Amino acid sequence: DVLHFDEENGSIITAIQCKGVEGQFKPRHANDFVKELDKFAAKAPKVDEYWLALNTEIRDPEHRKKVFDRLAKLEASGHVKHALLLDIDHLAKKLHDLAIAKFRMLAGQRREQYRQRYLESFDNAGYVETVPARIEAGTIHNPIAFMAQQVRESIEGWGPDCTGPGRRYPRFFLTGSFGFGKTLGLHALGQVWHDMGDDALFIPAVSLHNDAFVHAAGIIDFLITEIFSSDDEFCQDHIAYKTLREACKTILNKEQWMLLIDAIDESEFWNDTSRLHHLWFSIKELGLPAVVTVRSELIDTRPEEFFGDEKIAFFHEVQLTDWDVPQMLAFLDAFRAARKSQAPASFDRFVETVREGNYETRYGDIPRRPLFLQMLAEDAWSGSDPEEKLHRLYGKYFHAKLKRDWERADTPSKAVRLGRIVEKFGKSE
């Protein structure tokens, strides 16, 4: 009835034979099932897995054994590697388990796609772990490891039996002005969490639709749509949607996934207090650890929208701060190594300027922000010394920053707030 093919070589991975029974199961039905297995064995090609899917349950041990014996014979024939009897409850569980595996695989692929696109679009030398950040207790020098460890310790404290909204895991706002590496840090956190044995859901806030700012169910529906976005035919009317939704709820309720939301200030609801509060509360309802990136300027001027009510949800702030010379030199070393060629003299001069601490007289404080440090490094690598007239340097790099934001590949079909400025004034202006 159903054949699942390997897209690469055309072989059959799974063959599913569906049998329906009207009314209650009767002994003759077991004989009918065996006859169907005989038909399949007589003419079927080799398959990895065969399912006999029933809309009823065989409870009688004798009749159940009769079907199992014929399935074993089918495996012994060499036609099938694995033959399964999936009466109604077992079929539902099998489909649910497959949906969970599919969701887990596609979620991981989606997160990695976002990470790779970001690294490619910014030609980045990699993430420098030991960067300064400010928390309530003082200064730390590895904010990603700090957040991951805080969540891990909380999970171990609550224990494996704690599920659902009762989980009060740490949640963080990762803040900083633009150019401080919030998005890059968020991608690094997702990879660290994956390497620790769990996984993360990465979401550009600009993609979050209206329902995600209303209730937890809206976030779940968004996650399914987002993760399956590569499938043009998939929608809420799809026959598999309900199964996948239940699988998503199971994963989020029982597993230790981390929710990563990037650039909440780029959402169309960035200035809607009510919707933001609903989003924080929905994250709490899901019971997930979460990290949300946001510009420092926004959180400093409107703290009540982010820290106003602990009953809604409580977030800690981790604020990225200016880099010092050791971090700048570590980045430049990685930048050099990533290019695998002889550095031009202009790049060596730039590195020496940083090493000696003379960069502020030439470039102001912008080398202390990783994004602008990278732009300076790119200019120096091109064979000429970076611009030293600050008004030209700022103008050039601000323009480059806006251009990169506009052309980012994360959400090609979405209109960000920057797009409205472009529509009104034109890209150059």
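## Cavities

A cavity is taken here as a set of points, on a 1 Å grid over the protein atoms alone, where a 1.4 Å probe fits but cannot get out, and its volume is the space filled by probe spheres set on the points, which are joined across faces, edges and corners. This is a predicted model, in which local features need pLDDT of at least 70 and side-chain atom pairs count only at pLDDT 80 or more, while totals for chains, interfaces and linings use all residues. Residues are numbered from 1 along each chain as its sequence is written, and side-chain values use heavy atoms, with hydrogens and water left out.

By this rule there are three cavities of 30 Å³ or more, and the second largest cavity has a volume of about 60 Å³. Its lining (residues with an atom within 4 Å of a point) consists of Ala107, Arg110, Arg111, Ala200, Leu201, Phe202, Ile203, Leu223, Glu226 and Ile227. Two or more of the lining residues come from each of α3 (88-122), β8 (200-204) and α6 (216-227), where helices (H or I, at least four residues) and strands (E, at least two) are DSSP runs numbered from the N terminus. Strand β8 gives the largest share, four residues. By class, the lining of this second largest cavity has seven nonpolar, no polar and three charged residues, with Ala, Val, Leu, Ile, Met, Phe, Trp, Tyr, Cys and Pro counted as nonpolar, Asp, Glu, Lys and Arg as charged, and the others, Gly among them, as polar.

Strands are said to pair if DSSP finds at least two bridges between them. An open sheet of four strands has the order β1-β2-β3-β4, with mixed pairing; its edge strands, β1 (2-5) and β4 (80-86), each pair on one side only, and the twist averages 15° from one strand to the next. Strand β3 (residues 47-54) runs parallel to β4, joined to β4 by six bridges, and Trp51 stands opposite Leu84 in β4.

Helix α1 (residues 27-43) packs on this sheet, in contact (heavy atoms within 4.5 Å) with β2 (12-19), β3 and β4, and its direction makes about 155° with that of β3. Helix α2 (residues 61-76) lies across β3 and β4 and runs at about 165° to β4. Such angles run from 0 to 180 degrees between N-to-C directions, with axes fitted to C-alpha atoms, for helices over the stretch in contact.

## Pairing around β11

Strand β11 (residues 316-320) pairs with β5 (residues 133-135) in the antiparallel sense over two bridges, whereas four bridges join β11 to β7 (residues 171-176) in parallel. Gln319 in β11 is the bridge partner of Arg134 and also of Thr175.

Note on methods:
1 Å grid on protein atoms, 1.4 Å probe; cavity = no way out; pocket = protein on both sides within 12 Å on 5 of 7 lines; lining within 4 Å.
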